[in-house]
Amino acid sequence: MCGMCLPNCPTYQLYQSETESPRGRIALIQAINQQQIKADATALLHIDHCLSCLNCETICPSKVPYGKIIDDFRNQFNSSIKKSYLSRAILKQSTKPNGLETLFHIANKPVIKQILRLGPSSLKTTALQTTQNRAEIKAFYAGSYSAAENRRGEVTLFTGCIGKSSDHDTIKDAVVILNSLGFDVNIPPQQYCCGALHQHNGQQQQASQLLKENQLQLEKLKSDFILFFSPACGENLQQLENLAVLDVRSFILSELQQQHLSFKKPDQPVALHESCSHRNRLKLKTLNYDLINCVPDVHILDSNNPSLCCGASGIQSIDYPEQSQALLQAKLTSFDFTQTNILISDNIGCSLHMKSSISGYNPNIEIIHPVSFLARQLNIKNQPDTEVTHKCDT
Ligand code: SF4
Ligand code: SF4
């Protein structure tokens, strides 16, 4: 009850109300469980505004397991917490292999897009964004990609429920880097969601089911490592047994510390956004910096409020669009985009959310994954060298 978590909670910063703080939510949950108050719509709304960013858990001196408390509460009251039709559809579709790809494809048909635009603001969110050409996707995921020389092993890419439809550029760029490092890359075309979305949205049974499904599918493969892209997937996937599951960034960094790859100097600084799941769930504090610094003479521009959640938080941007937008504007304002046209973001959920508004801050900016930044700076063999760096020894 010390209140140290309050100033670090994005919803408390936004509403300046105890009921929108970690301490207030814990008190509400306790009062509901002890039947001192009813789980009415108002109480549930205050609790469900929580972004599960875990800034509170990270700072708490008493190690209160806030993440488990909120996950368990949402699971217990799942049927009473009001959710939009769209977020329910996303949760349902993401339990099927490639389910979100189908949903996004339908939602992006011009006539459906038009209807969605006329609907409530929650249906106009970026959660439905897909920029990819279905034919290109189909062709890309039908293949496997072999290293040209100095083969060191094989990796499988875990693209999860959203990667193929919304983060294809990052996946393609990872293939380039991994092949250059001597790894054959295997990408199973039919993939399941990691279950994180369900775990944090009151569907723990579905989350366990998805974990079992992933265990079954991934253990059939003979790859040396399974690499995931989204830090949000990492916490769940690292529960898989007898499989070497790693963040693609960690894997590439550890290889770059052992091998020589050559990168060009960038022609501008880069801004860096780190997701809450990276900061507070994976807790790989220096990873993004170490990886980006493998490129020579790179200058990283930080947010002046790095721990502030961008407001995406899975499907929160659909269910609470005003809250989500307010946090997004605060987050984007925390960067100086006058110095760069590149924002590096480690999580596709944040990237899609930020894309919805970033042109108001810099119309020329691109949002890319750290691995895509490396791929852009990579000196491909036989290209005239501009600048060369050797083994990354950060
Ligand atoms: S998880 Fe984030 S939004 Fe939720 S109570 Fe903690 S700090 Fe606040
Ligand atoms: S959750 Fe931790 S930091 Fe927040 S009020 Fe309770 S003890 Fe203090």
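Me: Start with the largest nonpolar core. Which residues touch the most other members?
Reply: L157, I177, L178, I252 and L256 do, in a core of 41 residues. A nonpolar core here is a set of buried Ala, Val, Leu, Ile, Met, Phe, Trp, Tyr and Cys residues joined through side-chain atoms within 4.5 Å. Buried means under 20% relative accessible area, exposed over 50%, and partly exposed in between, with a 1.4 Å probe and protein chains only.

Me: What should I know about the model and the numbering?
Reply: This is a predicted model: local features need pLDDT of at least 70, side-chain atom pairs count only at pLDDT 80 or more, and totals for chains, interfaces and linings use all residues. Residues are numbered from 1 along each chain as its sequence is written, chains are lettered from A and ligands numbered from 1 in the order in which they are written, and side-chain values use heavy atoms, with hydrogens and water left out.

Me: Overall picture, then. How many helices and strands are in the protein?
Reply: There are 21 helices and eight strands. They are DSSP runs, numbered from the N terminus: helices are H or I with at least four residues, strands are E with at least two.

Me: What share of the residues counts as buried?
Reply: 54% of the 394 residues. Also, take the contacts between residues at least 6 apart in sequence: 74% of them join residues at least 24 apart.

Me: Ligands next. Which residues surround ligand 1?
Reply: C9, P10, P22, R25, C50, L51, S52, C53, L54, N55, C56 and Y66. Near means that a heavy atom of the residue lies within 4 Å of the molecule.

Me: Which helices each supply at least two residues of that shell around ligand 1?
Reply: α2 (22-33) and α4 (55-59).

Me: How does the shell around ligand 1 split by class?
Reply: Nine nonpolar, two polar and one charged. Ala, Val, Leu, Ile, Met, Phe, Trp, Tyr, Cys and Pro count as nonpolar, Asp, Glu, Lys and Arg as charged, and the others, Gly among them, as polar.

Me: And ligand 2, which residues are around it?
Reply: M1, C2, G3, C5, R23, I26, C60, P61, S62 and V64. That shell divides into seven nonpolar, two polar and one charged.

Me: Now Q16. Is Q16 buried or exposed?
Reply: Exposed, with a relative accessible area of 56%. Q16 is found in the loop between α1 (10-15) and α2. Phi of Q16 is near 50 degrees, a positive value.

Me: What about I47, buried or exposed?
Reply: Buried, with a relative accessible area of 0%. I47 lies in helix α3. Past its neighbours within four places in sequence, I47 is in contact with R25, L28, I29, I32, I70, F73 and R74.

Me: Last one. Where is N236 placed?
Reply: In helix α14 (residues 231-237). N236 is buried, at 4% relative accessible area. Outside the four places on either side in sequence, N236 is in contact with C194, G195, A196, Q199 and L211.

Note on methods:
Contact means heavy atoms within 4.5 Å.
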